[in-house]
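This report concerns aromatic contacts and helix packing. Please consult the sequence and structure shown below.

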Amino acid sequence: MGTRNGALARAASYFDSGQFRNLLARLVSIPSTSQEEGREADLHRYLAEGIQPWLEQIGFSVAIHPNPIEGFGPILTAERVENPALQSILLYGHGDTVRGLDEQWRDGLKPWALTEEGDRWYGRGTADNKGQHALNLAALEAVLAERGGRLGFNVKLVLEMAEERGSRGLREFVAANTDLLAADVLIASDGPRVDPALPTIATGTRGIFQFELELKLRAGGVHSGHWGGLTTDPAVVLTHAIGSIMDRKGRILVRDWLPRNGVPAEVRGVLDGCPVGGADGAATIDADWGEPGLTPAEKIYGWNSFIVLAMVSGRPEAPVNAVAPDARATCHIRYTVDTDPAGFEAALRRHLDEHGFPEVEIRDAGVRMAASRTPPNHPWVRWAQDSMARSLGKPVQIIPNSSGGLPGDVFVDHLGTPLVWVPHSYNGCKQHGPDEHLLIAPAREGIMAFAGLWWDLGEAGTPKR
């Protein structure tokens, strides 16, 4: 009979020996970006060559399904059922990545090759999400070996290839396969820890509501000398419109976009003392930016934010002496479950009209990813926190939702599963830009944490539905 310590030791040995690094290098070498045309075969190859043989080797039955929406990447399902009467755990991940951006990586680095430098593994997908789901599966394999080929519970896996395109098709697929995917809890990994050194559990994600603001005044540009000072400049008007939405210090002025009752007490409680990592140099945490009276953790995990993703007027790459005919901005609202996005567009329309901008149009407004949240004190969340603390010998921070977007709502809505997200990365990993990397130390803690979780799932004392 194996032991919990034996399972942890196996996971540590696999990681420290370089075997995990080699596995991750193979996965990174498959250019499975869903954001570039011509990579459709690589999306399928990641599943069929990178993942399926590994899963079958450790006793999973595997199927690769076409996406219900044409033009989006396939979806892999796998299950390892020891006894239908046992609890079932659902594991999720995505093998698609953002664009490689090959030409933007610094000298010595390439997106589709793993490069180790100091405390980092560089390569596209190392942090988002190849490295994260590979750590969880490697930990499962260690526990299987320690227990002599059994787990004491059932495992199901969904691995999609369109997450970086908004998880298109996943909702339809899960809705059509509820019996296949039925589980007691989702335990999976994506996103960043609150701090690189602090193990974290997120119980949901903020949602994404996207829209465009556009002001179109004429068919083409007009001479800046002949018309400057006489005709309205759309860039100036649109800038003022955006300024009416958010003040100089980042406070949202469309108050109907915000949680009506503030930060819930339960959320405020788990965020008390929660750090927000910002020492990596990726950006600054500015104390006077955002909603006054909130801590940094409450601003990012318990509140809504407004971001201008892009703005354009004229041709910035080749400006001409003209008053531009139009101006356009693409914007995001990152929102928690405490607000209803169904009212966002109407609230914005009212606000713009009341502030003298009826000519600014709102286009293509809608939810790109819905918000989700399992209560932070849910029995599965607290169970996972205790298990991880035992394995790692350090505190584990619970947050009510990660700062980014994930399709947790799909599993809550159609399967009724509580959410336990255990991120292995950090917010400076550059996951959507050049030089993406995974920090080695948190990755090692990740495989150890999941080895403990997988072991404890086979023991008595797990929460019951």
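Is F153 buried or exposed? The model is predicted, and in it F153 has a relative accessibility of 1% and therefore counts as buried.

## The F153–W454 pair

By the ring-centre criterion, the structure holds 15 aromatic pairs. In one of them, the ring centres of F153 and W454 are 6.0 Å apart and the planes meet at 10°, so this pair is stacked. F153 lies in the loop between helix 4 (130-146) and strand 6 (154-160), while W454 belongs to helix 14 (residues 440-457); the pair thus links distant parts of the chain, 301 residues apart.

W454 is also at a relative accessible area of 1%, and buried means under 20%, so W454 is classed as buried.

## Other aromatic contacts

One aromatic cluster is formed by F209, F211, W257, F306, Y335 and F344.

Two arginines are placed over aromatic rings. The charged end of R106 is 5.3 Å from the centre of the Y122 ring, over which it sits. R147 lies over the face of W455, with a distance of 3.7 Å to the ring centre.

## Packing of helices 12 and 14

Helix 14, which carries W454, also packs with helix 12 (residues 379-392): their axes come within 9 Å and cross at roughly 120°. The two helices are therefore oblique to each other, and their crossing is right-handed.

On the helix 12 side, the contact is made by W380, W383, A384, S387, M388, R390, S391 and L392. Helix 14 contributes E445, M448, A449, G452, L453, D456 and L457.

Technical notes: Residues numbered from 1 in each chain as written. Predicted model: local features only at pLDDT ≥ 70, side-chain atom pairs only at ≥ 80, totals over all residues. Heavy atoms only, no water. Phe/Tyr/Trp six-rings, centres within 6.5 Å; stacked < 30°, edge-to-face > 60°. Helix = DSSP H or I, 4+ residues; strand = E, 2+ residues; numbered from the N terminus. Buried < 20%, exposed > 50% of the residue type's maximum accessible area, 1.4 Å probe, protein only. Lys NZ or Arg CZ within 6 Å of the ring centre and 35° of its normal. Axes fitted to C-alpha atoms, helices over the stretch in contact; angles between N-to-C directions. Parallel < 35°, antiparallel > 145°, perpendicular 65-115°, else oblique. Left-handed = near helix turned anticlockwise from the far one by under 90°. Contact = heavy atoms within 4.5 Å.
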